[in-house]
Amino acid sequence: MIKFEAKNTTIYYHRHLGSNPVILLHGWGGSHISMLATFNYLSKFGLDIINIDLPGFGNSPNPPEFFTLEDYAETIKELIEKLSLSQVTLIGHSFGARIAILLAKEKFVKNLILTGAAGIKPKFSFKKYIRIKQYKRAVKKGKDISQYGSSDYKQLPDNMRKVFNRIINRHLENDLKDIFKPVLLIWGKKDLDTPLYMAKKMNKLINDSALIVFDGGHYVYIDKNKEFNLIAKKFIIP
């Protein structure tokens, strides 16, 4: 893997040299391995593909605890500028799609493929609303909060928990309205992490977007990898 020293963190990435740069941004808890099948497929067509381990995942060390979504985006921007890339296609899943959305306004971005993209403020059930209120009350009173949060969250080191909380509370509706690049949304209709209503809202908010729905879940780009790759290739190389 190739090492890149950014201003505030370090990342590692794989690269297949070619033309038409494509950057792959995996989801939270993933790594470059998550996007490997797409990396290998698109490499066959002479594309310049960069498959990144985002800070805190894979081979890349944890970022500083002050890191925000904007810091993640700035790190990728630094890499793109270091490599002198232009007309870049960003392919982002879930958390990686959040980063892609922030980068969409940059001149070096040509278009985006977002799958299972996070960033829409979720609808909460009454049960979840009560759970959140209990959590906030426990934090305010300095009580034990170890019972709260998913198993993935509980396994994170303390500094990454702070980063995680900061990121999931960063909603992107206003940023989506400011995207004026072609965007392809690819979703699983059974996605429970970023439900289909989020995709439909993104489709409405983004000026130039199209939505494709498959019979899959949050990892539809893996569940339907052959179909996903064919569509991605056609989007990148019309």
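## Two helices that cross

Let's start with a pair of helices (helices are DSSP runs of H or I with at least four residues, strands are runs of E with at least two, both numbered from the N terminus). The axes of helix α2 (residues 69-82) and helix α3 (residues 95-103) come within 9 Å and cross at roughly 70 degrees. That makes α2 roughly perpendicular to α3. Here, axes are lines fitted to C-alpha atoms, for helices over the stretch in contact, and angles run from 0 to 180 degrees between N-to-C directions. Angles under 35 degrees count as roughly parallel, over 145 as roughly antiparallel, 65 to 115 as roughly perpendicular and the rest as oblique.

Which residues of α2 and α3 meet? From α2 come L69, E70, Y72, A73, I76 and K77, and from α3 come F95, R98, I99, L102 and L103. Contact means heavy atoms within 4.5 Å.

## The model as a whole

This is a predicted model, in which local features need pLDDT of at least 70 and side-chain atom pairs count only at pLDDT 80 or more, while totals for chains, interfaces and linings use all residues. Residues are numbered from 1 along each chain as its sequence is written, and side-chain values use heavy atoms, with hydrogens and water left out.

The protein has 10 helices and eight strands. Of its 238 residues, 49% count as buried (buried means under 20% relative accessible area, exposed over 50%, partly exposed in between, with a 1.4 Å probe and protein chains only). Among contacts with a separation of 6 or more, 71% are between residues 24 or more positions apart.

Which residues of α10 are buried? They are N225, F228, N229, A232 and I236. These cover an arc of only 95 degrees around the axis, which puts them on the same side of α10 (the arc is that of the directions from the helix axis to the C-beta atoms). On the face turned away from this buried side are the exposed residues K226 and K234.

Helix α1 (residues 36-43) and α10 have axes that come within 10 Å and cross at roughly 50 degrees, so the two helices are oblique to each other. A37, T38, Y41 and L42 of α1 make the contact with N225, F228, N229, L230, K233 and I236 of α10.

## The buried side of α6

Helix α6 (residues 158-168) also has buried residues: N159, M160, V163, F164 and I167. They cover an arc of only 140 degrees around the axis, which puts them on the same side of α6.

Most residues other than glycine have a negative phi. N20, however, has a positive phi of about 55 degrees although it is not a glycine. You can find N20 in strand β3 (residues 19-25), where N20 is partly exposed, with a relative accessible area of 36%. S84, another residue other than glycine, has a positive phi near 55 degrees. S84 sits in the loop between α2 and β5 and counts as exposed, at 64% relative accessibility.

Is I206 buried or exposed? At 3% relative accessibility, I206 counts as buried. I206 lies in the loop between α8 and β8. Leaving out residues up to four places away in sequence, I206 touches L176, I179 and V183.
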